[in-house]
Amino acid sequence: MRKPIVAGNWKMNKSVGEAVELASGIKIDLADCVNVDVVLCPPFTALKAVGDVISGTVMKLGAQNMHWEKEGAYTGEVCAGMLRDLYCRYVILGHSERRAYFHEPDETINLKVKAAIVGAITPILCVGETLEEREGNKTEQVVSAQVRACLKDVGEGAASIVVAYEPVWAIGTGRTATPEQAQEVHALSRGLLADIFDKKTADSIRIQYGGSMKPGNAKELMSQPDIDGGLIGGAALDAGSFVEIVRAAFHNAASEGN
Ligand code: PGA
C-alpha cells in the first residue's frame, strides 16, 4: 500500500515572517497525521526558517527547483547539496510554470531528476498537458513523452520518485480535473512506469494529483486507486485548507488500512 503524500507548493509567495506563521499554523494541527507524508515547499528564502519550525514534526521540507550540477559558476542557481544542507528531503522538478515561463525542457528536467536522486533528495516530477493538448486528444501522447524523457536513464532510486500529474489547465484556475479524468491519466502513468522500470517499482511510486485541489474535492480525488496524494498550490497558502486536505488523505489512507 502506498503512503499518500501531500505537498504544499508555495510558489513565489510569503516573506520569511509569513512563511513561519503559515508553517506554525499547519504544525499545530498536524501532530497526529502519521500515515501521510506532508511536505512544505516554501521559496528558497524561507527554507531555513520553515525547516526550523517543522523540525521534529511529521512534516518534511521541499524546494521548488534546483540545478543539476554539484557546484560551479551558475549565477542564481542552487544545487542538491545546498538543499540537503537545509534538510530538504524533496524538490519539485519540471513544474509547468518552470516549463512555460523559464523554457525548461524535458532534457534538463531529466538531469535534475538524476542529480536529485544522487543528492539524496526525492524528486517530485511534474507532468501534464495544456488545455489545447487535452482538447486535441493529445493528453496521453504528451504525458507519456514527458514521463519517458524526464525519467530517461534513471536507475537506482526510481522507486522513491514522486510523480505529480498536473493538468496545466487546472493549475490556479479553479477548474479541477474530475476524479475520473485524473484517474485515467494516473493509471496511464503507472502503466508507463511499469514499462520503463518494472511493475514492482511502478506500484511503489506515488503519483500525486495537482491542479486546484482543495478541501471540497480532495477526498474524492484521493480515493481514486492511482491517486496517492496532492501537490497543492493556492490552497496550501492557507493553513486551515491545507490541513483539511492532509486530513482527507489521512482518512482515506486509514480507511484503506494503511
Ligand atoms: P493550484 O496549483 O493548486 O493553485 O492549482 C498547483 C500547483 O501548481 O502545483
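**Entry 1: the ligand**

I began with the side chain of glutamate 166, where an N or O atom is 2.7 Å from an oxygen atom of the ligand. I note at the outset that the model is a predicted one. I then looked up the backbone contacts of the ligand. A backbone N or O atom of glycine 172 lies 2.7 Å from an oxygen atom of the ligand. For glycine 233, I found a polar backbone atom 2.8 Å from an oxygen atom of the ligand.

I next asked how many residues surround the ligand. I counted 13, and the closest are Lys11, His95, Glu166, Gly172 and Ser212.

**Entry 2: strand S6**

I turned to strand S6, which covers residues 162-165. Which way do the side chains of this strand point, and are they buried or exposed? Val162 and Ala164 point one way, while Val163 and Tyr165 point the other way. I recorded all four of these residues as buried.

I then looked up the partners of S6. Strand S5, residues 122-127, pairs with S6 in the parallel sense, over four bridges. In this pairing I found leucine 125 opposite valine 163 of S6. Strand S7, residues 206-210, also pairs with S6 in the parallel sense, again over four bridges. Here tyrosine 165 stands opposite tyrosine 209, which belongs to S7.

**Entry 3: the largest pocket**

The largest pocket holds about 500 Å³ of space. I asked which residues lie nearest its centre. They are Lys11, Met12, Gln64, Arg98 and Phe102, out of 16 lining residues. I noted that Lys11 is listed here and is also among the residues closest to the ligand.

For the second largest pocket I recorded a volume of about 260 Å³. Its lining has 16 residues, and Gly51, Ile54, Ser55, Leu86 and Tyr87 are the closest to its centre. Helix H2 (47-54), strand S3 (59-63) and helix H3 (80-85) are the elements that give two or more residues to this lining. H2 gives the most, with five residues.

Definitions and conventions
Residues numbered from 1 in each chain as written. Predicted model: local features only at pLDDT ≥ 70, side-chain atom pairs only at ≥ 80, totals over all residues. Heavy atoms only, no water. Buried < 20%, exposed > 50% of the residue type's maximum accessible area, 1.4 Å probe, protein only. Pairing = 2+ DSSP bridges. 1 Å grid on protein atoms, 1.4 Å probe; cavity = no way out; pocket = protein on both sides within 12 Å on 5 of 7 lines; lining within 4 Å. Points joined across faces, edges and corners; volume = space filled by probe spheres on them. Near = heavy atom within 4 Å. Polar contact = N/O pair within 3.5 Å; in protein donor to acceptor, adjacent residues only side chain to side chain.
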